[in-house]
Amino acid sequence: MYVAVGQFAVTPRWEENAQNCVALMAQARQKGASLLVLPEALLARDDNDPDMSVKSAQPLDGGFLQLLLHESAGNQLTTVLTIHVPSSPGRAVNTLVAIRDGAIIASYAKLHLYDAFSIQESRLVDPGDVMPPLINISGLNIGLMTCYDVRFPEMAMSLALNGADVLVLPAAWVKGPLKEHHWATLLAARALDTTCYIVAAGECGNKNIGQSRVVDPLGVTVAAAAEAPTLLMTEIFSARIALARQQLPVLQNRRFAPPQLF
C-alpha cells in the first residue's frame, strides 16, 4: 500500500489552509496513495496569537471540511488530519477526522492534551474520553493518534492489541531543546513497542519542526522530511509487519494486562 504524508505551514486563513490540503490530496491521489496523513490543527495558526487554532474552530459541517470532502468525493484515498471543533463558548475539541469518498468515516477527540514545556493546551481545549476507532485501508487496520498521544505507550499498545497494523499521527511538534530528538525517538519506540508502521505528519513553519516520518515495524525510518513543505510518498508492506511480529513477538510475549482508560 502506498502512503503519503503532507506537511506545510498553516496560515491564519482557513481558506488558504484548506486549499493547501486539497492540493496535497490531489497530488497524493495522482501518485497512487491509499492513505494521506496531514498535520494537526489545520484550520488556522498565527505565530503572534497562540489561541488562533481555538478562535478559528469550525463544526464538522463547516466550510473547511466541506472543501476537503468535496475533493475526496468519488475516490478511495483516505485522508487523516485534525481540526478544532467548537465545544462551548471560547473552547474547542482537537478533533481528528478520517475522510474518504466524500464522507467522514471516523473521528477522534484528542485524549492527551499538551500541558507540557510551558504550554497548556487544556486552557482552551477539552480532552476526549474515548479511544479512537480502527479504520481499514486496503486490508490493513489503521490506528488513530494525535501528536502528544505518542508520548503515552499505553495508547499505542491498546491500538495494537485491538488489531492495528499501522498507527497514524497528525502532529504540530513544537520546536525546543531536544524536541527533534524526542520526536524521532518516540516514533521509533512506538513502532518497536507495537510492531506497527508509524505514519507521522508534522506541521512546519516558524514554531514547529516539520520532520514528517514513516517508520517501519522494526523501528527503521523508511521516509523522512526536513523542515520545508513537502509531500512524502512511500510503500508499506503487510509482509514487513508479519516478519517483524515473527522476529519480535512483543505483543505475544508481554506479561501485563491490556491498558485501559481511567
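Visitor: Does Arg29 count as buried, partly exposed or exposed?
Guide: The model is predicted, and the values here are computed from it. Buried means under 20% relative accessible area and exposed means over 50%. Arg29 has 32% relative accessibility, so Arg29 counts as partly exposed.

Visitor: What is the relative accessible area of Glu203, which forms a salt bridge with Arg45?
Guide: The closest N and O atoms of Glu203 and Arg45 are 3.5 Å apart. The pair links distant parts of the chain, 158 residues apart: Glu203 is in the loop between strand E11 (197-202) and strand E12 (213-215), and Arg45 in the loop between strand E2 (35-37) and helix H2 (52-55). Arg45 is buried at 18%. Glu203 is also buried, with a relative accessible area of 2%.

Visitor: Where does Arg91 lie, given that Asp126 forms a salt bridge with Arg91?
Guide: The closest N and O atoms of this pair are 2.8 Å apart. Asp126 is partly exposed at 22%, and Arg91 counts as partly exposed at 24%. Asp126 lies in the loop between strand E7 (119-120) and strand E8 (134-137), so the pair ties together parts 35 residues apart in sequence, Arg91 being in strand E4 (residues 91-100).

Visitor: How many salt bridges does the structure hold?
Guide: Among them are the pairs Glu71 with Arg29 and Asp126 with Arg91. Salt bridges that share partners also join Glu40, Lys110 and Glu121 into one network. The number of salt bridges in the structure is eleven.

Visitor: Which strands are at the edges of the open sheet of six strands?
Guide: The strands follow the order E8-E9-E10-E11-E12-E13, with mixed pairing. From one strand to the next the twist averages 20 degrees. An edge strand here pairs on one side only, and the two are E8 and strand E13 (221-224).

Visitor: Which residue of E12 stands opposite Ala200?
Guide: E11 and E12 run antiparallel and are joined by three bridges. Ala200 stands opposite a residue in E12, namely Arg213.

Visitor: At what angle does helix H5 run to E12?
Guide: H5 (residues 179-194) lies across strand E10 (166-171), E11 and E12. The angle between H5 and E12 is about 30 degrees.

Visitor: How far apart are the end C-alpha atoms of H1?
Guide: H1 has 17 residues, and at 1.5 Å a residue they should span 24 Å. The end C-alpha atoms agree with this, their distance being 24 Å.

Visitor: Which elements do the buried residues of H1 pack against?
Guide: The buried residues of H1 are Asn17, Ala18, Cys21, Val22, Leu24, Met25, Ala26 and Ala28. They pack against strand E1 (2-7), E2, H3, strand E3 (78-88), E4 and strand E14 (230-235).

Technical notes
Residues are numbered from 1 along each chain as its sequence is written. This is a predicted model: local features need pLDDT of at least 70, side-chain atom pairs count only at pLDDT 80 or more; totals for chains, interfaces and linings use all residues. Side-chain values use heavy atoms; hydrogens and water are left out. A salt bridge is a side-chain nitrogen of Lys or Arg within 4 Å of a carboxyl oxygen of Asp or Glu. Buried means under 20% relative accessible area, exposed over 50%, partly exposed in between (1.4 Å probe, protein chains only). Helices (H or I, at least four residues) and strands (E, at least two) are DSSP runs, numbered from the N terminus. Two strands pair if DSSP finds at least two bridges between them. Axes are lines fitted to C-alpha atoms, for helices over the stretch in contact, and angles run from 0 to 180 degrees between N-to-C directions. Contact means heavy atoms within 4.5 Å. The expected span of a helix is 1.5 Å times one less than its number of residues.
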